[in-house]
Amino acid sequence: MSCNAQNMSLIKIKRIIGILKAKKYIIYSQPYQLNMVGVRNKGTNPIKFDDRMYVFWKTDKNKWVGRDYAITTDPSTAWLKNPMNKVATAVLPNGQYVDAWKIGKHKGQYTALVQRKPFCVYRDYNRNAWLDFDVDSQTCGKFGINIHRGKPRGADDGQGNTDDIGLYSAGCQVFRNYYCFTDEFIPMLQKQQQIYGNEDFTYTLIDKWLTNQYIWKRSIYTAGIVSALGFIGYGWWLIYKQAK
């Protein structure tokens, strides 16, 4: 079995870099130093792995490359209805979390990225089956918001994919595919650690609306430039025609 992730196109990598630059976020450009960007789907479905994680980096030949993984950034229905925390289930807010994770053991069981620094989370208070967190209220601390995988080995479909989030996310960022996490993601983290001797890893979470907004703005900007050039060209044509 092998990972079913897709390679990222240079266009997609540049698009995400543009979003990060617009937010003044850190972008790592040293060879094999990872940029990990989660994108929360606009629908925030608490059952399915409907979000993405883009992991991209520069090679030693100064070329951008990356991989596109299916993940969830949301807690599952099971934990929304029965929170692990007595108050309410945690939801990671959008933002960049610099050096907030390190390689460790998820629940002491297998290698993953574990939370090493405190940060703030939203809470979903109403304990129903759907995700509707309170963006005006945050609690801060170390809550074990890890980056890990779903079911092991062949999982539900024999290809390593977990069908439903189930009990695998109470606020963590969770890979759907076992092989993508174990055979690709973890070795990439270990390679960065070996090269730079740094135990800390940065993760950035943005949402689909922000991505679409950036594309929309860029499209308007490009259309404006094309229109302006068209008007300039037409004006020069009129001048040339009158001069004749």
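The model is predicted, so local features need pLDDT of at least 70 and side-chain atom pairs count only at pLDDT 80 or more, while totals for chains, interfaces and linings use all residues. Residues are numbered from 1 along each chain as its sequence is written, and side-chain values use heavy atoms, with hydrogens and water left out.

The protein contains four helices and 12 strands. Helices (H or I, at least four residues) and strands (E, at least two) are DSSP runs, numbered from the N terminus. Of the 244 residues in the protein, 45% are buried; buried means under 20% relative accessible area, exposed over 50%, and partly exposed in between (1.4 Å probe, protein chains only). Among contacts with a separation of 6 or more, 66% are between residues 24 or more positions apart, where a contact means heavy atoms within 4.5 Å.

Helix H3 covers residues 178-196. Its 19 residues should span 27 Å at 1.5 Å a residue, and this agrees with the 26 Å between its end C-alpha atoms. The expected span is 1.5 Å times one less than the number of residues. A kink of about 30 degrees lies at Phe185, shortly before the proline Pro187; the bend at a residue is the angle between axes fitted to the seven residues ending there and the seven starting there. An α-helix has 3.6 residues a turn, so residues three or four places apart point the same way. The buried residues of H3 include Tyr178, Cys180, Phe181, Phe185, Met188, Leu189 and Gln192. After H3 comes Gly197, with a positive phi near 65 degrees.

Strand S2 (residues 35-40) is largely enclosed by the rest of the structure, because six of its six residues are buried. In a regular strand the side chains alternate between the two faces of the sheet. In S2, Asn35, Val37 and Val39 point one way, and Met36, Gly38 and Arg40 point the other way. S2 is joined to strand S3 (residues 51-58) by five bridges, and the two run antiparallel; strands pair if DSSP finds at least two bridges between them. Met36 has Val55 as its bridge partner in S3. With strand S12 (residues 201-207), S2 pairs in the parallel sense, over five bridges. Here Arg40 stands opposite Asp207.

A nonpolar core is a set of buried Ala, Val, Leu, Ile, Met, Phe, Trp, Tyr and Cys residues joined through side-chain atoms within 4.5 Å. The largest such core has 32 residues, of which Met36, Val55, Tyr69, Trp101, Phe175, Phe185 and Tyr203 touch the most other members. Elements giving two or more residues to this core include S3, strand S4 (64-72), strand S6 (95-106) and S12. H3 gives the largest share, six residues. A second, separate core has 13 residues, among them Ile16, Leu20, Phe56 and Ile206.

Gln33 is found between helix H1 (10-22) and S2, and counts as buried because its relative accessibility is 15%. Beyond residues up to four places away in sequence, Gln33 touches Tyr28, Phe56, Trp57, Gln192 and Tyr196. Asn62 lies in the loop between S3 and S4 and is exposed, with a relative accessible area of 54%. Although Asn62 is not a glycine, its phi is positive, at about 65 degrees. Ala155, in the loop between strand S10 (147-149) and strand S11 (173-175), likewise has a positive phi, near 55 degrees. Ala155 counts as partly exposed, at 28% relative accessibility. Its contacts, not counting residues up to four places away in sequence, are Gly160, Asn161 and Thr162. The C-alpha atom of Ala155 is separated by 7.5 Å from that of Tyr178, which is 23 residues away along the chain.
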